[in-house]
Amino acid sequence: MIKKAVIVGLGLIGGSMAKALKKYTDIDIIGVDINRDSLQKALEEGVISYGVTDIDFQVDADIVFICTPVGKVVESVKNIIHYLKRGCIVTDVGSTKKVIMEEVQKFLPDEIFFIGGHPMAGTEKAGYDNADADLFVNSNYLLTPFDTTNDEVLDLFIKEVIIKIGAKPMIMDYNKHDTIVGVISHVPHIISAILTNFAYNKCNEAFKYAAGGFKDTTRIALSQTEIWKDIICTNREIILDLLKNYKEVLTDFISYLENDDIESIQKFLEDARKYRNTIT
Ligand SMILES: NC(=O)c1ccc[n+]([C@@H]2O[C@H](COP(=O)([O-])OP(=O)(O)OC[C@H]3O[C@@H](n4cnc5c(N)ncnc54)[C@H](O)[C@@H]3O)[C@@H](O)[C@H]2O)c1
Ligand SMILES: O=C(O)C(=O)C[C@]1(C(=O)O)C=C[C@@H](O)C=C1
């Protein structure tokens, strides 16, 4: 049974996890963050029962959530691992999985279980102030356990955390994970940033007239640079391949315009509409 959790990084995702555990479970939470204001707020709200800027003492937690930026996840696991009891589950919420899984495997002790995690929910905002207890409701929660991960431990995490906070567990290999999120999260993020920079540099006066279409397609360009720099750098090769493919699609579309190929333009738009409609 999971009774006590440590959450390292009480920002948007860690704070949302803390609030969700508080709302939907009886799990007691120790919060860890370098930002004292976030700890203070979480304590005042009764979301965590104890808050520290660093763990340098033995903790009897049953589960640890690492919710720091991707570039700090491995270091955060390393820093806490020797203070944990035998059988403790350690999981993260990082948006990429291959680098984290392969690095953690190198030093993971046999008696600690690491389960890679990635809740497919979020916003362009950051920090504890924007955390929401219902952020994960109805969202897919991607899990990338090691082949050797004990099934009972995985089941416990799924039943006592993921299902209770309203999310849908999806287990997959970490390589497949990074390709999937490259397609539906990382490349769209980059394209949103490209579009924003392109429009601003082409005609910044046009920004005054931006309406729903531009705002919808560029909302995610408002996201935190540190978070996205780490995501892009840890999924570099997959993103590079996808962007090269994307360039070909763009080149095809330009040729439809050059050739006044109305039929191809129409088919292109019809396909997009049909495919987009398949997302529920
Ligand atoms: N933002 C999203 O939409 C989203 C969605 C799913 C997963 N993720 C992943 O969640 C993780 C956190 O992202 P976020 O959006 O919550 O960012 P955030 O900036 O809101 O939160 C990060 C928190 O970690 C804290 N922190 C940083 N270094 C620390 C350290 N060494 N020790 C303790 N605390 C530390 C920061 O003070 C901050 O409170 C990232 O790995 C990101 O890839 C983000
Ligand atoms: O909705 C948003 O603002 C998000 O950026 C959330 C989003 C995404 O859908 O790409 C971003 C990164 C995460 O790893 C998972 C979810």
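User: Why is the unit made by E4, helix H3 and E5 called right-handed?

Analyst: In this predicted model, E4, helix H3 (residues 70–81) and E5 make a β-α-β unit. A crossover is right-handed if, with the strands pointing away from the viewer, the path from the first strand over the helix to the second runs clockwise. The unit of E4, H3 and E5 is assigned as right-handed, so its path meets that criterion.

User: What makes E4 and strand E5 a pair?

Analyst: Pairing requires at least two bridges between two strands. Four bridges join E4 to strand E5 (residues 89–92), so the two strands count as paired. They run parallel, and Val64 has Val90 in E5 as its bridge partner.

User: How do you know that strand E1 also pairs with E4, and in which sense?

Analyst: The cut-off is again at least two bridges. Strand E1 (residues 4–8) and E4 share four bridges, and their sense is parallel. Within this pairing, Val8 stands opposite Ile66 in E4.

User: Why are both faces of strand E4 called covered?

Analyst: In a regular strand the side chains alternate between the two faces of the sheet. In strand E4 (residues 63–66), Ile63 and Phe65 lie on one side, with Val64 and Ile66 on the other. A residue is buried if 20 or more other C-beta atoms lie within 10 Å of its own. All four of these residues are buried, so each face of E4 is covered.

User: What makes domain 1 and domain 2 separate parts of the protein chain?

Analyst: The division comes from the domain assignment, which gives domain 1 (4–172) and domain 2 (177–276). Their centres, taken over C-alpha atoms, are separated by 31 Å. The contact takes 14 residues from domain 1 and 15 residues from domain 2. On the side of domain 1 that touches domain 2, the elements giving two or more residues are H3, helix H4 (98–107) and strand E7 (140–145). The residues of that side divide into six nonpolar, five polar and three charged.

User: Why are five residues of the shell around ligand 2 counted as polar?

Analyst: Gly counts as polar under the classification used, so Gly122 belongs to that group. The shell also has two nonpolar residues and one charged residue.

Definitions and conventions. Residues are numbered from 1 along each chain as its sequence is written. Chains are lettered from A and ligands numbered from 1 in the order in which they are written. This is a predicted model: local features need pLDDT of at least 70, side-chain atom pairs count only at pLDDT 80 or more; totals for chains, interfaces and linings use all residues. A residue is buried if 20 or more other C-beta atoms lie within 10 Å of its own, exposed if 12 or fewer, and partly exposed in between; C-beta atoms are placed from the backbone. Domain bounds come from an automatic or database domain assignment. Two residues are in contact if their C-beta atoms, placed from the backbone, lie within 7 Å. A residue is near a molecule or strand if its C-beta atom, placed from the backbone, lies within 6 Å of it.
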